[in-house]
Amino acid sequence: MKSTHHFRRRFAAAATLTALVFTGLPLTAFAMTDAPPAQPDATQSSSQASPSAPSEIAPSSTPSSSSTPTSSTPPSSSAEATAPPSATPTGEPSSTPSQNPDPAEATPTPSSPATGTASAAAVQQPEFADGMAQPVYQGKDLITEELWIPTPVDTDGDGQNERLRATVYRPKDTQNGLKVPTVIRMSPYNAGANNTLVHDMKRELWDPSKPIPKPTFGTVPSSGWFNTGARRNYPFYTDRGFAFVSIDSIGTNGSTGCTQMLNAKEAESTKAAVDWVTGRISGLDLQGNSVTTDWSSGKVGMWGISYLGSQAILASTTGVAGLDAIVPMSPLSNFYDYYRVGGAVVEPTGYNGEDLDNYVKLVSTNRPNEQSCQATSQEFLDQQDRATGQYSDFWNERNFFANIGKVTTPTLISAGLKDWNVRNDQTTKWFLALKERGVPTKLLLHQQDHVDPATVAGSEWTNMLNKWFTRYLFNVQNGVENAPDLRIQREDGSWQNEPSWPAVGSAPAAFRPLSGGNGSGGLVLADAPKPGIESLSDDGSITSGTLASTPNSQNRLLYATAPAKSAVRLSGFANANLALSFSRPAANISLQILDRAPDGTATVVTRGWADPQNRNSLTSSETVVPGTEYQIDIPFISTDYVFKAGNQLEIMLFASDAESNVLPPAGTVLSANLGRSQFSLPLVGGTVAGKAAFGDGNTEVTPPVTKPDPEKVTDPRIVDSGQPGENTEAGAETVVNPAASNLQRLPDTGTPSGIWALLGLAAVAVLGGGFAVLGSSLRRRNG
């Protein structure tokens, strides 16, 4: 079944506020009962939180008229600039009232610029209560400015540096001397998105013994995109005394140039936005006059979901001064891991056939530049390498871990445990890497997919968000930095605080499969391996949900524990170390950890994928000799999940994932040597907890398994939610992608190397002051 929520990444295109009603007194995020009382730098107030809260999910069909783009061409161009409805005829700042508490229903109307000068006593100062900025500017006039922000980069080769189109919303009192901090939202979706052609997922996999095929653009129509609006204000911020700056990402909507997909040039554009707000560079109004920021306190934050949140992290990797806090939600930290996993093409759920070449076309919405940016799309097509799936300099430039040493910006980050669009590793690896480097960082994990946590957690999230920006942008000493590192939503919807992630006490427990996998083999905590060889036949036309629901299948291997005697929690990075052979020189490998309820319903807990050609390295491919057994290490996407008493933990091995992989013709046979295969699962309490829940696997009894009714199995898109083998096969041919030839050393991606030893010491490491992040998934394959 196709995902019913597959388009949510695109919702970031023009999201507006969701009206969220706070209940009575503001809730204290992270339950900071031991935190010191707030010590603001300004007068405090006991006013309650605003009934509106920021959300990047609910788009509005009625954007603020003051944020409508006036031109996609800067003043120096020959194109004529047209003023937006809310701008004054001269392009000077206009004064508009703040939106009402339900912004989805409200359209601000322009008013005449204010005249006269207010006395200092009349200037409204920000107010704070419970460590949070209060909505004392709600209903008050705003000053709105349309402008260009210059950047130091030329992305379309016309010899002119690009300019970012921006709209500023700030309290009217800033014209009377009030200095305010700023929150930036930069988006490539402010003009919606273009229809594109995507790649055909049904094709042969590449055989390393043959030349790498010449890449071609996609020919399959996409499911269609929508236009959801333009730059706009988010009153949650302006009501509380922040300025809000809405910016079109480089090469999109009103900004000039060609989109760069999170590389160094795009990083420079994000830095330019901060440089303008902090007064290091001047902007230009629509007539080419200088626009400065004498109203700015010099403290800047960035906020957004998905690509928008990724740009916030990207800005932090430049080390730009004045970027004092960011709040990315479900962001990327490594673009390679968005479209590839373990060397295999693994598409984000709902976007089969998409890659960077057509993503560029998707967001190239600066109409005058669409044709000139075709060269960028061709460049991406040539370098992204869908055939081999190899990591290269092209992808390395879009790996934020390469510049993590520059990051000092306090980061509040969130992710959905059921997000198969931007998979959870993108967040957890970044969080761990920041913690290891001492950057102030907090993590929120919720039980939904690719959504703004405001729609899931309400004030649980918005109070955290408010406190984060209040602490680091207003410098109110509210103690948020001393809060527990993790706020996590459990499967029943309840919330709990934890001192770290993965959970304290999480340690690897080694599970071994028992024969019977075409039906349901055992999965036990045994001290010794159990011999046996079992096989499956690839058929990418069968979804994983169907495979999991079928009592017997030749297209997958399924292994299940006994029903749990007590609840047990999996927290961290699971791993499979499998001895596999293949009937063809190219194959997909897919894995899922499932939670099987007594009624037969299966829930996907996490997934893993790999390309056996990249079993030793992501920068080079090695031939797969049919019939030869290879020891292959396959990480699962990190997760946190509690198995209830009475449920079974299952692991399913299959070949092509119909929802994510390139799908070759059916018939490739994968054979697993059970005696040389095991699964290392990070259980809280480790092996002891595993045996308490599932029993001692040294008995030879295969556990009972409740066979599912296919009608009761929950489709994974709806429910969503060892030791590395050293391969030195004689005669194996290695094929290196030319695009990777200049890659000298792969950067730290934040994936723990030797994760099982690390998790085994988790309790000691956490209590001792931190969870060290060692090595990387890429270096794991390169020794």
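Biologist: Where is the place of N253?
Modeller: This is a predicted model. N253 sits in the loop between β11 (243-248) and α3.

Biologist: What makes the phi of N253 worth a remark?
Modeller: Phi of N253 is near 50 degrees, a positive value in a residue other than glycine. Most residues other than glycine have a negative phi.

Biologist: Why are α3 and α4 called roughly perpendicular to each other?
Modeller: The axes of α3 (residues 264-277) and α4 (residues 307-316) cross at roughly 85 degrees. Angles of 65 to 115 degrees count as roughly perpendicular, and α3 and α4 therefore get that label.

Biologist: Which residues of α3 and α4 meet?
Modeller: From α3 they are E266, A267 and T270, and from α4 they are Y307, Q311, L314 and A315. By class, this contact has four nonpolar, two polar and one charged residues. The axes of the two helices come within 9 Å.

Biologist: Why is the pair of F128 and F474 called edge-to-face?
Modeller: A search of the whole structure finds 28 aromatic pairs. For F128 and F474, the ring centres are 5.0 Å apart and the planes stand at 75 degrees. Pairing needs centres within 6.5 Å, and planes over 60 degrees apart count as edge-to-face, so F128 and F474 form an edge-to-face pair.

Biologist: What parts does the pair of F128 and F474 tie together?
Modeller: F128 lies in strand β4 (residues 128-129), and F474 in the loop between α11 (459-473) and β20 (486-489), so the pair ties together parts 346 residues apart in sequence.

Biologist: What kind of peptide bond joins W501 and P502?
Modeller: A cis bond, with omega about -5 degrees. Most peptide bonds are trans. P502 is in the loop between β21 (495-498) and β22 (506-513).

Biologist: What lines the second largest cavity?
Modeller: The lining has 16 residues, and L205, V345, A387, N588 and D611 lie nearest the centre of the cavity. The lining divides into eight nonpolar, five polar and three charged residues. The volume of this cavity is about 140 Å³.

Notes:
Residues numbered from 1 in each chain as written. Predicted model: local features only at pLDDT ≥ 70, side-chain atom pairs only at ≥ 80, totals over all residues. Heavy atoms only, no water. Axes fitted to C-alpha atoms, helices over the stretch in contact; angles between N-to-C directions. Helix = DSSP H or I, 4+ residues; strand = E, 2+ residues; numbered from the N terminus. Parallel < 35°, antiparallel > 145°, perpendicular 65-115°, else oblique. Contact = heavy atoms within 4.5 Å. Nonpolar A, V, L, I, M, F, W, Y, C, P; charged D, E, K, R; others polar. 1 Å grid on protein atoms, 1.4 Å probe; cavity = no way out; pocket = protein on both sides within 12 Å on 5 of 7 lines; lining within 4 Å. Points joined across faces, edges and corners; volume = space filled by probe spheres on them. Phe/Tyr/Trp six-rings, centres within 6.5 Å; stacked < 30°, edge-to-face > 60°.
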